[in-house]
Amino acid sequence: MLAAAHEDRIYRILTELTAIPRQDIKPADRLREDLGMDSVTRMELVSMLAEEFDMDIELEEAIAIEDVVGIFTLAEARLSDV
Amino acid sequence: MAGEAPAVEVLLLGAGGFLGLHTLDALRDRGIDPRCGRRRRSNVLGLRSRKARLVPADLDEPGGLVEAMSGCSVVVHAAGHYPKTSRDPQAALALGLRQSRAVLDAAAAAGVRRLVYVSTTSTVAPAPGGGPSDERHTWPEPPAFGAYHALKWHMERAFLDEDRLEVTVACPAACLGPGDLRVGTSALLVATSRGMDPPHPDGWVPVVDARDVGRAVATLATMSAPPRRVLLAGGNHRLQDLLTLAAARYRVPPPAPPVDAATAIQLADAAEAAVEGTAQRPSLSREIVDLVVHGLPLCCALAESRLGLSWTPLSTTLDDFDAWARRLGIVPPHPETAPCSPPPTRTASTGSSPS
């Protein structure tokens, strides 16, 4: 389970990139269809996550993320590796 | 061959982009580990995986640019403004010129000796009397047929007019190869691979492997007495030929005949209008249409003679892009796909070129 503080940091980045208020973003939201993020913005998102949490993410992993839950899952796995 | 100067401290702007990453690799091949400029919202995944030296460098924050350039003798600028659409030419021009001046002013203030600016072959004019164009052929005034061409003309002119430091300009043609995450020039090839058969005009499309561009830019950064401006294209093709090749590679029906230029412009303008105010990108962008409709065959003998550059064959470029794009799911998996012979190449190395 991802710590609430980490989730908050992820939501903050999502809000910065999409201009969608935090309370309107749900874990099940799809990055492209629901949050309107094109492929370039999705890459920016994953890059900002890598910087925020100082974790290395491969392109294949980045491109495979489709929804907010996917971000949580990746972050949880990476942070537990540290 | 190019004469190599001693190792230098280099700042690479746009390091995380398609050309930036290949330039980083090429500089490292020469023993130079550059500082890699980054904006907060830039994609640095490729830079992190390469353990690059990241420094903050935002073209909209001049003070930070000077700091990023401090102690550097060379700056490579591969972060020139590339507007998402051609809908607001004045705004694009204002931003592009403001950022260009910020880079130049910061370089001058930081005591940078040389700046390598990565421009585009869209600044190349037709050769009088026909035949391939080369470094001598420039528009005396900004082209009037497209916002992208005009923007790039103004930006390149700003760099060429600089007299406080040495400036050399690289003009890459349509860039192909692995690492094209924005799928810029490759967009029509990717669409074709998916069997989408996008409407398209026909025209000359000089192409170049992005890794060749990286090598050329690294050479310009390090050689003694670089040329003022150099064109980079490994071959001249018709777009219809390229799309036909892509269709054959991916075992999809050949592309429909091209639409005429006016129709293509109408389609692109409509596609750009449809995504205005959204985060989406147009299905057919106006600058791509302009680039194809007004594309020119190029002679790149100067890059060969002065930079010692040899061009990666198109078949190799496409094979390597294909392998990379399949890994990321950008093009569909298709185990039966096999490399095909490249389309007819109208040689890029014929004709005379300035020394």
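This is a predicted model: local features need pLDDT of at least 70, side-chain atom pairs count only at pLDDT 80 or more; totals for chains, interfaces and linings use all residues.
Two strands count as paired here if DSSP finds at least two bridges between them. I also took helices (H or I, at least four residues) and strands (E, at least two) as DSSP runs, numbered from the N terminus.

Residues are numbered from 1 along each chain as its sequence is written, chains are lettered from A and ligands numbered from 1 in the order in which they are written, and side-chain values use heavy atoms, with hydrogens and water left out.

**Entry 1, sheet in chain B.** I looked up an open sheet of three strands in chain B and found the order β7-β8-β10, with mixed pairing. β7 (174-176) and β10 (235-238) of chain B are at the edges with a single partner strand each, so one side of each has no neighbour in the sheet. Direction ignored, neighbouring strands of this sheet are turned by 45° against each other on average. For axes I used lines fitted to C-alpha atoms, for helices over the stretch in contact, with angles from 0 to 180 degrees between N-to-C directions.

I then checked the pairing of β7(B) with strand β8 (residues 204-209) of chain B, which is parallel and has three bridges. Ala174(B) has Val207(B) in β8(B) as its bridge partner. Helix α7 (residues 210-222) of chain B packs on the sheet and touches β7 and β8 of chain B, its direction making about 65° with that of β8(B). Contact means heavy atoms within 4.5 Å.

**Entry 2, β6 and β9.** Strand β6 (residues 166-172) of chain B runs parallel to β9(B), and four bridges join them. Cys171(B) is opposite Leu231(B) of β9(B). I looked at the side chains of β9(B): Arg229(B) and Leu231(B) point one way, Val230(B) and Leu232(B) the other way, and all are buried. Buried means under 20% relative accessible area, exposed over 50%, and partly exposed in between (1.4 Å probe, protein chains only). In a regular strand, side chains alternate between the two faces of the sheet.

A nonpolar core is a set of buried Ala, Val, Leu, Ile, Met, Phe, Trp, Tyr and Cys residues joined through side-chain atoms within 4.5 Å. I found 70 residues in the largest one, and those with the most contacts inside it are Leu13(B), Leu65(B), Met69(B), Leu115(B), Leu232(B) and Leu307(B). α7(B) supplies the largest share of this core, seven residues. Another core, of 28 residues, lies apart from it and includes Leu14(A), Leu17(A), Leu35(A) and Leu45(B).

I looked up helix α3 (residues 62-69) and helix α4 (residues 89-110) of chain B, which pack at an angle of about 45° with their axes 8 Å apart. That angle makes α3(B) oblique to α4(B). On the scale used, angles under 35 degrees are roughly parallel, over 145 roughly antiparallel, 65 to 115 roughly perpendicular and the rest oblique. Among the residues in contact are Leu65(B) and Met69(B) of α3(B), and Ala102(B) and Ala106(B) of α4(B).

The second pair was helix α9 (residues 261-274) and helix α10 (residues 286-293) of chain B, with an angle of about 165° and axes 8 Å apart. α9(B) is therefore roughly antiparallel to α10(B). Ala261(B), Ile265(B) and Glu272(B) are among the residues of α9(B) that meet α10(B), where the residues involved include Arg286(B) and Val293(B).

Leu97(B) lies in helix α4 of chain B and is buried, with a relative accessible area of 13%. Leu97(B) touches His154(B), Met155(B) and Ala158(B), residues up to four places away in sequence not being counted.

Ser193(B), in helix α6 (residues 187-193) of chain B, is buried at 4% relative accessibility.

Asp54(A) has a positive phi, near 50°, and is not glycine; its place is the loop between α2 (39-53) and α3 (59-64) of chain A, and Asp54(A) is exposed at a relative accessible area of 59%. Ala225(B) also has a positive phi near 50°, sits in the loop between α7 and β9 (229-232) of chain B, and is exposed at 52%.
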